[in-house]
Amino acid sequence: QVHLVESGGGLVQTGGSLKLSCEASGRTFSSYAMGWFRQTPGKAREFVATITQRSIAYYADSVKGRFTISRDNAKNTVYLQMNSLKPEDTAIYFCAGPADSGNTIWTGALNYKYWGQGTQVTVSS
């Protein structure tokens, strides 16, 4: 069983920064891509960023240039550094892992099988 646990969310003012972490267990972490998604009440889960097993990163246009995804395979952890935060970034942030290993860049929620419980990010205006 694969388990993902996010941490690092909180309340920050516009323009501030937060760094989210997601620790994975139950699989050979280095063999898999990882992704970050976010969701607000009543809306579909939205792609934020992904990083392949070879550390190739891809971002949604809405966060490009502000967010950075990275991974530390020795710690089985993926990170999301969020800078220049805006109120529209307010959401529950989820980390996720696809079912299959490889270096494919996945941006759709349906491509991911394993999900964390989410961590709340609130950006005040």
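Student: Which hand does the link of Cys-22 and Cys-95 have, right or left?
Tutor: The link of Cys-22 and Cys-95 is right-handed, with 55° about the S-S bond. Keep in mind that this is a predicted model.

Student: How many disulfides does the structure hold?
Tutor: The structure holds 1 disulfide. The S to S distance between Cys-22 and Cys-95 is 1.9 Å.

Student: Which parts of the chain does the pair link?
Tutor: Distant ones: Cys-22 sits in strand β3 and Cys-95 in strand β9, which covers residues 91–98. The two cysteines are 73 residues apart.

Student: Is Cys-22 buried or exposed?
Tutor: Cys-22 is buried, because its relative accessible area is 0% and the limit for buried is under 20%.

Student: And what about Cys-95, buried or exposed?
Tutor: Cys-95 also has a relative accessibility of 0%, so Cys-95 counts as buried.

Student: Change of topic. How many helices and strands does the chain have?
Tutor: The chain has 0 helices and 11 strands. Read along the sequence, the pattern is β-β-β-β-β-β-β-β-β-β-β.

Student: Why call the chain as compact as a globular protein of that length?
Tutor: Because the radius of gyration is 13 Å, which is close to the 14 Å that the globule rule gives for 125 residues.

Student: What box do the C-alpha atoms fill?
Tutor: Roughly 40 × 25 × 25 Å, taken along the principal axes.

Student: What share of the residues is buried?
Tutor: Buried residues are 42% of the 125 in the chain. The accessible surface comes to about 6200 Å², and carbon and sulfur atoms account for 48% of that surface.

Student: What about contacts, how many of them are between residues 24 or more positions apart?
Tutor: Among contacts with a separation of 6 or more, 59% are between residues 24 or more positions apart.

Student: Back to β3. What is the strand order in the open sheet of 4 strands?
Tutor: The order is β1-β3-β8-β7, and the pairing is antiparallel. The edge strands are β1 (3–7) and β7 (67–72), each of which pairs on one side only.

Student: How much are neighbouring strands of this sheet turned against each other?
Tutor: By 15° on average, with direction ignored.

Student: What holds strands of a sheet together in general?
Tutor: Strands pair through backbone hydrogen bonds, either parallel or antiparallel.

Student: How many bridges join β1 to β3?
Tutor: There are 5 bridges between β1 and β3, where β3 takes in residues 18–25. His-3 stands opposite Ser-25, and Leu-4 stands opposite Ala-24.

Student: And how many join β3 to β8?
Tutor: That pair has 6 bridges and runs antiparallel, with β8 at residues 77–82. One of the bridge partners there is Thr-77, which pairs with Glu-23.

Student: Where is Asn-76, then?
Tutor: Asn-76 lies in the loop between β7 and β8. Its phi is near 50°, a positive value in a residue other than glycine.

Student: How accessible is Asn-76?
Tutor: Asn-76 has 26% relative accessibility, so Asn-76 counts as partly exposed.

Student: What is phi of Ser-84?
Tutor: Phi of Ser-84 is near 50° and positive, again in a residue other than glycine. Ser-84 is in the loop between β8 and β9. At 40% relative accessibility, Ser-84 counts as partly exposed.

Student: New strand: how many residues of β4 are buried?
Tutor: In β4 (residues 34–39), 5 of the 6 residues are buried, so the strand is mostly covered.

Student: What joins β4 to β5?
Tutor: The link between β4 and β5 (residues 46–51) is 5 bridges, and the two strands run antiparallel. Phe-37 stands opposite Phe-47 in β5.

Student: What lies between the strands in that hairpin?
Tutor: There are 6 residues between β4 and β5, and Gly-42 in the hairpin takes a positive phi near 80°.

Student: How many bridges does β4 have to β9?
Tutor: β4 and β9 are joined by 5 bridges and run antiparallel.

Student: Which residue stands opposite Cys-95?
Tutor: Trp-36 stands opposite Cys-95 in β9. That is the Cys-95 whose disulfide partner is Cys-22.

Notes. Residues are numbered from 1 along each chain as its sequence is written. This is a predicted model: local features need pLDDT of at least 70, side-chain atom pairs count only at pLDDT 80 or more; totals for chains, interfaces and linings use all residues. Side-chain values use heavy atoms; hydrogens and water are left out. Two strands pair if DSSP finds at least two bridges between them. Axes are lines fitted to C-alpha atoms, for helices over the stretch in contact, and angles run from 0 to 180 degrees between N-to-C directions. A disulfide is a pair of cysteine sulfur atoms within 2.5 Å. Buried means under 20% relative accessible area, exposed over 50%, partly exposed in between (1.4 Å probe, protein chains only). The radius of gyration is taken over C-alpha atoms; the globule rule is 2.2 Å times the number of residues to the power 0.38. Contact means heavy atoms within 4.5 Å. Accessible areas come from the Shrake-Rupley method with a 1.4 Å probe; for residues, only the protein chains shown count as cover.
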